[in-house]
Amino acid sequence: MKGGGGGGGGGGGGKRRWKVLVIGVLVLVILSMLVPLAFLLGLHNGFHSPGFVTVQPASSFESFTRINATKHTQRDVSERVDEVLQKINPVLPKKSDINVGSRDVNATSGTDSKKRGLPVSPTVVANPSPANKTKSEASYTGVQRKIVSGDETWRTCEVKYGSYCLWREENKEPMKDAKVKQMKDQLFVARAYYPSIAKMPSQSKLTRDMKQNIQEFERILSESSQDADLPPQVDKKLQKMEAVIAKAKSFPVDCNNVDKKLRQILDLTEDEASFHMKQSVFLYQLAVQTMPKSLHCLSMRLTVEHFKSDSLEDPISEKFSDPSLLHFVIISDNILASSVVINSTVVHARDSKNFVFHVLTDEQNYFAMKQWFIRNPCKQSTVQVLNIEKLELDDSDMKLSLSAEFRVSFPSGDLLASQQNRTHYLSLFSQSHYLLPKLFDKLEKVVILDDDVVVQRDLSPLWDLDMEGKVNGAVKSCTVRLGQLRSLKRGNFDTNACLWMSGLNVVDLARWRALGVSETYQKYYKEMSSGDESSEAIALQASLLTFQDQVYALDDKWALSGLGYDYYINAQAIKNAAILHYNGNMKPWLELGIPNYKNYWRRHLSREDRFLSDCNVNP
């Protein structure tokens, strides 16, 4: 009995265990059916999971003022590459540690991801804190634009190439090849997917459609470079290509083919960016160094007018060699610039009848310069125009050389601008300046004015200065020291000495002749010419070494430099300066000139001359 009872109890326990297992299996089966059903109904959008993140690229204007910050240091790519990556994003996995440095981009990416059915993790896309927020509006005085890079470092767009990017932003025009670029992007994406789709025998129709669209796009792009050149049915072709690409992305593809194509896109984009960068630098330098068409027209009209007039020779005046008068020397080949310098000097003079101006120019502009000052006399002052190529001096093969400007850049010591360089333009004497003691052999003191200056005060007190036996009276610039110039390697000099600037120079010609300054310069120049350095670097070294102990420091209020490259000059400093010096590439008579400083130059321009309107001169 006991044995039977024990056997029955064991059988009952086994049945209960079997029932529990059956119930557990049924529960698992039901759950396995409910989970796919939940995903099909879209309930998964309510959960957060680490999936793909699609980032909508900013517009072409916003991309100029915003930069996406990434934790990994990687090279920046163009917007078109970002758009291509976005299109391929659902197929290629992305790293989960991407930070987007723009609130607008985050908002767009979240909305766009939900529309596509892609989960967005809140730990991946986050709004930046107010301290690290990207500046979307202009935060500068004037027209300077600042942006925040990925490492929270302030930079200016004129760090490397002056202000060409600012000028380009001010004169920005609508894109004329937007659809062409869109077609190129779609063509790259289609080429990336085509090899994988072509290997699928069941997708022969899709392969044929992709091939036809690729060939059609290649044909159109070979004949079109702007949207105006595209055929009328291009919008339908874009929609058709987009549909083909969307269908191709629904199939699993070989990542190697996509990777190769993306690397080709990156290489082509880098080459294109490098080409355009070099081209922009070349065009910027061309715009700076080339005479504008209007000024060339003015020179030609004045030359023709001069030969039509009766008197071709200037009357000989005793004032030209009278040492008791106040003599100014201007070396220039620019008619308008020379006129502004003389007009501004005479307007602020207490007694202009004692002012004598000697304009030294080349043969090409000689007759035009003479005719201009005959037509536009400068009150009671006297103007003499000299052709340097016809002067009877020792050097028979003489050519005009203006004040030499040298662009120097130094790394900034500011922690907030570690990637920014401090750029300065040094203006020094040229070869023509060392001919002045022989050219004006009867004069004892002259004031040399560059043609890119504007006078705002009477300069008569400069002749009463006691220069303490020095040859050259100039304003010194202590923002650059002699020891910071790498090219300055020869001779003994004080590395901590400040550099002197041309623009306004009081020159004691008698002392110059007694010390043989011109001979000293020629000696340094010949000694340094034996190396492989450029002539500009040699001239810089020779000038600095020649005048290292012969410069009398003028008060800083006599001349203010930097109006040709610096956007942040204080308005009160401009008002207090006796002379404004537009040293740098952005001269006031060029379109590239800084708009805030042009008015100081324009107000002294003679606008009554009919040749200005005939040649459309509107600086």
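Modeller: Two strands count as paired if DSSP finds at least two bridges between them. Please keep in mind that this is a predicted model.

Biologist: Understood. Which residue is the bridge partner of V447 in β13?

Modeller: The bridge partner of V447 there is V506. Strand β8, residues 445-449, pairs with β13 in the antiparallel sense, over five bridges.

Biologist: And how many bridges do β10 and β13 have?

Modeller: Strand β10, residues 472-474, pairs with β13 over two bridges, in the antiparallel sense. In that pairing, N472 stands opposite V507 of β13.

Biologist: How many of the five residues of β13 are buried?

Modeller: Four of the five are buried, so strand β13, residues 504-508, is largely enclosed by the rest of the structure.

Biologist: Let us change topic to the aromatic residues. How many aromatic pairs are there?

Modeller: The count comes to 17 aromatic pairs. One of them is F429 with W500: the ring centres are 5.1 Å apart and the planes stand at 70 degrees, so this pair is edge-to-face, the class for planes over 60 degrees apart.

Biologist: Where do F429 and W500 lie?

Modeller: F429 is in the loop between β7 (421-428) and α13 (436-439), whereas W500 is in strand β12, residues 498-500. These parts are 71 residues apart in sequence, so the pair ties them together.

Biologist: What does W500 form with F547?

Modeller: W500 and F547 form an aromatic pair, which is edge-to-face, with 5.4 Å from centre to centre and 65 degrees between the planes. This pair also links distant parts of the chain, 47 residues apart: W500 is in strand β12, and F547 is in the loop between α16 (535-546) and β14 (551-553). Both W500 and F547 are buried.

Biologist: Which residues form the aromatic cluster?

Modeller: One cluster is formed by F429, Y434, W500, W512, Y521, Y525 and F547.

Biologist: What about charges over rings? Which residue lies over the face of W558?

Modeller: That residue is R457, at 5.8 Å from the ring centre of W558.

Biologist: Now the surface, please. Which residues form the nonpolar patch there?

Modeller: The patch consists of I23, V27, L28, I30, L31 and L34, which together have about 580 Å² of accessible area. Among them, V27 lies in helix α1, residues 2-40. V27 is partly exposed, at a relative accessible area of 43%.

Biologist: Finally, the backbone. What is the phi of E468?

Modeller: E468 has a positive phi of about 55 degrees, although E468 is not a glycine. E468 lies in the loop between β9 (453-455) and β10, and is exposed, with a relative accessible area of 58%.

Biologist: And what is the phi of N616?

Modeller: N616, likewise not a glycine, has a positive phi of about 55 degrees. N616 lies in the segment after α19 (610-614). With a relative accessibility of 63%, N616 counts as exposed.

Notes. Residues are numbered from 1 along each chain as its sequence is written. This is a predicted model: local features need pLDDT of at least 70, side-chain atom pairs count only at pLDDT 80 or more; totals for chains, interfaces and linings use all residues. Side-chain values use heavy atoms; hydrogens and water are left out. Rings of Phe, Tyr and Trp (its six-membered ring) pair if their centres lie within 6.5 Å; planes under 30 degrees apart count as stacked, over 60 as edge-to-face and the rest as tilted. Buried means under 20% relative accessible area, exposed over 50%, partly exposed in between (1.4 Å probe, protein chains only). A charge sits over a ring if NZ of Lys or CZ of Arg is within 6 Å of the ring centre and within 35 degrees of the ring normal. Patches are made of residues with over 30% relative accessible area and no salt bridge: like charges are joined within 9 Å, nonpolar side chains (Val, Leu, Ile, Met, Phe, Trp, Tyr) within 5 Å. Accessible areas come from the Shrake-Rupley method with a 1.4 Å probe; for residues, only the protein chains shown count as cover. A salt bridge is a side-chain nitrogen of Lys or Arg within 4 Å of a carboxyl oxygen of Asp or Glu.
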